[in-house]
Amino acid sequence: MINTSSIKITFLGTGTSSGVPMIACDCEVCASLNPKDNRLRSSVLIESETTTFIIDTTPDFRYQMLRIKNKKLDAVLFTHPHKDHIAGLDDVRAYNYFQKKPMEVYVNALTLKGLQREFEYVFSEKKYPGIPQINIHLITESSFYIGDIPITPILVWHLNMPVFGYRIGNFTYITDANRIDEAEKAKIAGTEILVLNALRREQHISHFTLEEAVALATELKVPRAYFTHISHQLGLHEKVNSSLPDNIRLAYDGLVLNMNI
């Protein structure tokens, strides 16, 4: 497989499982008029000249793709089976219809079980007309390609749940983690851009706090880091950004990065 030279990364969502604003909340973040304080559930779109895939299909997947006017999707790559990362899978039906082919879906064994549980009708022997058509690719910790884009899984821990982050050339994307083993940190070495979850300032059972995320990005010596999977409890986008080191920023919905890999 020939390595692609550059990719475009679009942040489709940067919020935690409840999104921001959160239902029934009137805190200053949820009431903010700054568009960067409005966060759909976390997901990114990765594009090369020939290949386009999404990491996770959130409950907001349909709207996320509509608002960027996306018309091409070659594959879905999942991190783990929590609802806020898989719930939108049903909406790949539109791509089945217009692209006239099944969607290529890349999952580990744990996530596959979650998909089979949540979308039983997709996997049934007798398929109802119009349901999503998918081809499952079972992945492990070994590197692989989606089209011309190289991917290396990075095993991280979401309390006791194994979650896959992904290194894509010089870009690394990690969400829903609160611990990374040393051997997996070594896979991140040399990354130019690291995306990491930073839920809030207070301790959380299964997510990095802002302080922990800053410490990890500093430890890994990455030139640039962006934080995602953010809750309304973290604070206003601009205020939090002003407190961060110069090479670390909060990601926001609609942020686009272009880089060589």
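Biologist: In this predicted model, is His229 buried or exposed?
Modeller: The relative accessible area of His229 is 1%. The cut-off for burial is under 20%. So His229 counts as buried.

Biologist: Where does His229 sit, and what is its phi?
Modeller: His229 lies in the loop between strand E12 (224-228) and helix H8 (237-242). Most residues other than glycine have a negative phi. His229 is not a glycine, yet its phi is positive, at about 55 degrees.

Biologist: Ala24 also has a positive phi. Is Ala24 buried or exposed?
Modeller: Phi of Ala24 is near 70 degrees. Ala24 belongs to the loop between E1 and E2. Its relative accessibility is 83%, and the cut-off for exposure is over 50%. So Ala24 is exposed.

Biologist: Which residues does the cis peptide bond join?
Modeller: Look in the loop between strand E1 (6-13) and strand E2 (43-47), where Pro21 lies. Omega is about 5 degrees there, and the bond joins Val20 and Pro21.

Biologist: Which strands stand at the edges of the open sheet?
Modeller: The sheet has seven strands with mixed pairing, in the order E6-E5-E4-E3-E2-E1-E14. An edge strand here has a single partner, so one side is left without a neighbour in the sheet. That picks out E6 (134-138) and E14 (256-260).

Biologist: By how many degrees are neighbouring strands of this sheet turned against each other on average?
Modeller: Direction is ignored for this value. The average turn is 20 degrees.

Biologist: Which residue in E5 stands opposite Leu77?
Modeller: Strands E4 (residues 75-77) and E5 (residues 103-107) run parallel, joined by three bridges. Leu77 is also in contact with Phe53, Ile139 and Tyr166, among others. Its opposite residue in E5 is Tyr106.

Biologist: Which helix supplies the largest share of the lining of the largest pocket?
Modeller: The pocket has a volume of about 280 Å³. Its lining includes Phe61, Arg62, Asp91 and Phe98. Helix H1 (61-67) and helix H3 (93-99) each supply at least two residues. The largest share is four residues, from H1.

Conventions. Residues numbered from 1 in each chain as written. Predicted model: local features only at pLDDT ≥ 70, side-chain atom pairs only at ≥ 80, totals over all residues. Heavy atoms only, no water. Pairing = 2+ DSSP bridges. Axes fitted to C-alpha atoms, helices over the stretch in contact; angles between N-to-C directions. Contact = heavy atoms within 4.5 Å. 1 Å grid on protein atoms, 1.4 Å probe; cavity = no way out; pocket = protein on both sides within 12 Å on 5 of 7 lines; lining within 4 Å. Points joined across faces, edges and corners; volume = space filled by probe spheres on them. Buried < 20%, exposed > 50% of the residue type's maximum accessible area, 1.4 Å probe, protein only. Lists of a residue's contacts leave out its neighbours within four places in sequence.
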